[in-house]
Amino acid sequence: MERRTFLIGTGVVALSAGLSRGAFAQSKPEKSKVALGVGGKPLLYYLPLTIAERKGFFKDEGLEVEINDFGGGAKSLQALIGGSVDIVTGAYEHTIRMQAKGQDIRAITELGRFPAIVIAAKKDKAGQIKSAADFKGLKIGVTAPGSSTALTAQYAMVKAGLKPTDAAFIGVGSGASAVAAMQKGEIDVISHLDPVISKLESDGDISILIDTRTEAGTRALFGGSNPAATLYTKKDFIDANPVTTQRLVNALMKSLKWLQTAKPEDVAATVPPEYHLGDRPLYLKAVQNSLESYSRDGIVPPDGMKSVMDMLKQLDPELKDAKVDLSATFDGRFVKQAAS
């Protein structure tokens, strides 16, 4: 117990004193086996996680990371709150929601600077569904109700003058099941991510209405930056495991750096073949479409925090008058240490 306390203390001191990464790296991680939750790992939204796993970046940091893939981001969050995972790769907005409820959940690395979510109508209904203003009474497919794909569609509806409850949101999963739901006519609109979107687009099944894979598309919907996937966890975990936390951040920062120069072919060769959805050329296109969306520096910017907060205030009555200290939603110490 005394040794553990000493390690925690030296880790915190090293971070606060700004010691070199090499000096801090000499401390052993307090928890070498870590359970991580993710909601739809094959999605390009979470590509930095898969890269860290497949390139051995976690192992290089002395960590054994058990990845638990859930049906959507909301379920990953539930697993963290329930204690079945230690840490999550999930949407930044979850940290704001939890802070508003008195749960100290903090992002420690930004993985996606744009949501990379695309909202599209079934192709044969494109004449009737021209914008989010036409979504009333429709069935909208999302990864899982309550996840960022659902929130983005709801935000588009509110901006168009509708209520967020004016459409039915149906969880269609994160891979082939999502493609099948649209192709079978089980949904009218889909709010989803690549490679699902690129597959549907290539097959001529959808007509794209909103595209946040790029900065221009993100600003068109949100009016500015809108942070997406992050690595987040409980403050209690950070406090008890500063060295482990640093090692996790180091691994994902290596992924972000790798992605800055990677070609789509490099990505396709690294991820499991089943992620290609049976069409490698299509997957290459999907990666190309998404590369702009990944974070360049791992930092959640203040204007991005405010953008997400403003969105949540419009969508969730419980958050309309909530007072949230946005600076508490992101702990940037570890990213800065990884970059030093």
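Leu49 touches Leu36, Val38, Lys41, Phe58, Ile67, Thr89 and Leu252, leaving aside residues up to four places away in sequence. In this predicted model, Leu49 has its place in helix H3, which covers residues 47–54, and Leu49 is buried, with a relative accessible area of 0%.

**Helix H3 and Leu49**

- Among the contacts of Leu49 is Leu252, a residue 203 places apart from Leu49 along the chain, and the C-alpha atoms of Leu49 and Leu252 are separated by 6.7 Å.
- Helix H3 is mostly covered, in that six of its eight residues are buried, and these buried residues are Leu47, Pro48, Leu49, Thr50, Ile51 and Ala52.
- After H3 comes Gly56, whose phi is positive, near 80 degrees.

**Strand S10 and Thr233**

- Thr233 sits in strand S10, which runs over residues 229–234, and Thr233 counts as buried because its relative accessible area is 0%, against a cut-off for burial of under 20%.
- The side chain of Thr233 reaches the backbone oxygen of Asp86 at 2.6 Å, and Asp86 is also listed among the residues that Thr233 touches.
- Apart from residues up to four places away in sequence, the contacts of Thr233 are with Leu80, Asp86, Ile87, Asp104, Ile105, Arg106, Ile108 and Ile238.

**Two glutamates in loops**

- Glu30 lies in the loop between helix H2 (21–25) and strand S1 (33–38), and with a relative accessible area of 16% Glu30 is counted as buried, because the cut-off for that class is under 20%.
- The side chain of Glu30 reaches the backbone nitrogen of Thr244 at 3.0 Å, and a polar atom of the Glu30 side chain also lies 3.0 Å from the backbone nitrogen of Val243.
- Glu186 has its place in the loop between helix H8 (176–183) and strand S8 (189–192), and at 42% relative accessibility Glu186 counts as partly exposed, because this value falls between the limits of 20% and 50%.
- Glu186 touches Lys139, Ile170 and Ala181, not counting residues up to four places away in sequence.
- The C-alpha atoms of Glu186 and Ile105 are separated by 36 Å, with the two residues 81 places apart along the chain; Ile105 is one of the residues that Thr233 touches.

**Overall dimensions and contacts**

- The radius of gyration of the protein is 20 Å, which agrees with the value near 20 Å that a compact globule of 340 residues would have.
- Along its principal axes, the C-alpha trace of the protein spans about 65 × 45 × 35 Å.
- Of the contacts between residues at least 6 apart in sequence, 78% join residues at least 24 apart, and the pair formed by Leu49 and Leu252, 203 residues apart along the chain, is one of the contacts listed for Leu49.

**Surface and charge**

- The protein exposes about 13,700 Å², and carbon and sulfur atoms supply 50% of this area.
- The protein carries 42 positive and 38 negative charges, and the mean positions of these two sets are 1 Å apart.

How values were computed: Residues are numbered from 1 along each chain as its sequence is written. This is a predicted model: local features need pLDDT of at least 70, side-chain atom pairs count only at pLDDT 80 or more; totals for chains, interfaces and linings use all residues. Side-chain values use heavy atoms; hydrogens and water are left out. The radius of gyration is taken over C-alpha atoms; the globule rule is 2.2 Å times the number of residues to the power 0.38. Contact means heavy atoms within 4.5 Å. Accessible areas come from the Shrake-Rupley method with a 1.4 Å probe; for residues, only the protein chains shown count as cover. Lys and Arg count as positive and Asp and Glu as negative; His and the chain ends are not counted. The place of a charge is taken as NZ of Lys, CZ of Arg, CG of Asp or CD of Glu. Helices (H or I, at least four residues) and strands (E, at least two) are DSSP runs, numbered from the N terminus. Buried means under 20% relative accessible area, exposed over 50%, partly exposed in between (1.4 Å probe, protein chains only). A polar contact is a pair of N or O atoms within 3.5 Å; within protein, one must be able to donate a hydrogen and the other to accept it, and residues adjacent in sequence count only if both atoms are side-chain atoms.
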